[in-house]
Amino acid sequence: MEGVFIKNYVSNYNRYIVKNGRVYVYNVRFSNVISFESSSIEEVKFFFSTTNDRKLFELGFIRDDEFEIEEVKLWYERMKFSSTELNIMVIMTYGCNCCCQYCFENLNDTCVGQNTSPLKLISYLSNLITTIGYKKVILHFFGGEPMLEVENMIEIAKQLNKLNVDILYNVITNGTYLSENNVKKLYEYGIKNYQVTIDGTQEMHDSRRPCKDANISCYGTIINNLEILGQSTWADKIGITIRINLDQENSQQLVDIYNALPSFIKLRDSCHNIYIAPVVGVCTCSFSNLMKQRTDDLLKAWHTVKSNKLNISIFPPKYAPCPFHSEISAFYIDLDGNVYNCGGFVGNKNFVERVFDKKLKKFYDRLEQRPKDSCFLCTFFPVCMGGCSYETHQLHNSCQLSYLQATYDDYFINFVRR
């Protein structure tokens, strides 16, 4: 009706940044960004509150009602108790042929022991999948070094493939056993996606992730395996993701790390990818990046990628969804049925939440926990969900807001097309 003023509701998850005579607005919930030729945030907010531009509603910057916080709370509850998708990390072994600085093998007397038979785990997962009725399963083979247990990986996939459910398999490996023979055997059972971690050029990688056999170069073995796969018929049949672990020590080497990778990986097609991630250790491991330094290292690396036109994926940190906020649809589990809610706690017997169907009190206590009301009001709740339990324990910092603000501001201003 002409003459009637209708006030829009501006999203609680908008973040406003003034830079170079422009106001940048990005919406954390929907990952959209827009900019205006203005230096006044209040002017932009007023425009949002009075405009009829439906595109801005579709992008999430503006709403027709005032119930966005309630919607997000409902989204959180649905995610916590979702039974649509099962996303789990199967810890094939706590053993490894390497001794990385930030691995749980450094936990010594607090580290969980393990049997090697997967039969109990197969039975448990099969019953869980069929009983709950998951439509999709994402299963990551994890460790230790999972490819020390290739035959057990095959047995797990062989049995789970009999279920009437869509299953995607990933292997998180140090890359030293990523041989053509192993790739061929695993491929027959649908296991064809691998993540390999690189920590620097050869000297630095080998000092931080050395093989227990001092005569073997971990880095040299990885690169050799990748080059052989790149020259074989398997290059187009499997997916390889390279994770570059980044911190202050190796951030200067990013271009050299990239240049040393086999060319087929750097093409970054639908099968292969390279990305950067800050170094994060495990519980009680002293090797950990403090938030401020982590932020500086990550932003510096992003700009190195951009200025050198490297084919490396850039995306901001995200804590959600996290197994800690899931009743049963996401967790870490070993062959004995020890369950953890966080990768940072894997291997530490003090953080086992349950053993197969035996639920410990800490499991029930966690399910009763909810983020504080103030967390739901925070602009970054959709990517944080109240903070990281591991980092709260490790860094004694229950809020990662400054880290998220700095990285998301830089990401949406400098790396996302508007």
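The structure is a predicted model, in which local features need pLDDT of at least 70 and side-chain atom pairs count only at pLDDT 80 or more, while totals for chains, interfaces and linings use all residues. Residues are numbered from 1 along each chain as its sequence is written, and side-chain values use heavy atoms, with hydrogens and water left out.

Helices (H or I, at least four residues) and strands (E, at least two) are DSSP runs, numbered from the N terminus. Strands β2 (residues 14-19) and β3 (residues 22-27) run antiparallel and are joined by 6 bridges; two strands pair if DSSP finds at least two bridges between them. K19 stands opposite R22 in β3. The hairpin has 2 residues between its strands, and N20 in the turn has a positive phi of about 50 degrees.

Strand β9 (residues 191-198) is largely enclosed by the rest of the structure, because 6 of its 8 residues are buried (under 20% relative accessible area, with exposed over 50% and partly exposed in between; 1.4 Å probe, protein chains only). Strand β8 (residues 166-173) pairs with β9 in the parallel sense over 4 bridges, and Y169 stands opposite I191 in β9. From β8 the chain passes through helix α6 (residues 180-187) to β9, a β-α-β crossover that is right-handed (clockwise from the first strand over the helix to the second, with the strands pointing away from the viewer). β9 also pairs in the parallel sense with strand β10 (residues 239-246), over 6 bridges; here Q195 has T241 of β10 as its bridge partner.

Helix α11 (residues 291-308) contains S307, which counts as exposed because its relative accessibility is 57%. The side chain of S307 reaches the backbone oxygen of T304 at 3.3 Å. S307 and L290 lie 17 residues apart in sequence and 26 Å apart in space, C-alpha to C-alpha.

The second largest pocket has a volume of about 450 Å³. Of the 23 residues that line this pocket, K372, C375, G386, G387 and S398 are the closest to its centre. Two or more lining residues come from each of α13 (373-377), α14 (381-384), α15 (389-395) and α16 (401-414). On a 1 Å grid over the protein atoms alone, a pocket is an open set of points where a 1.4 Å probe fits, with protein on both sides within 12 Å along at least five of seven lines, and lining residues have an atom within 4 Å of a point. Grid points are joined across faces, edges and corners, and a volume is the space filled by probe spheres set on the points.

Terms used. Polar contact = N/O pair within 3.5 Å; in protein donor to acceptor, adjacent residues only side chain to side chain.
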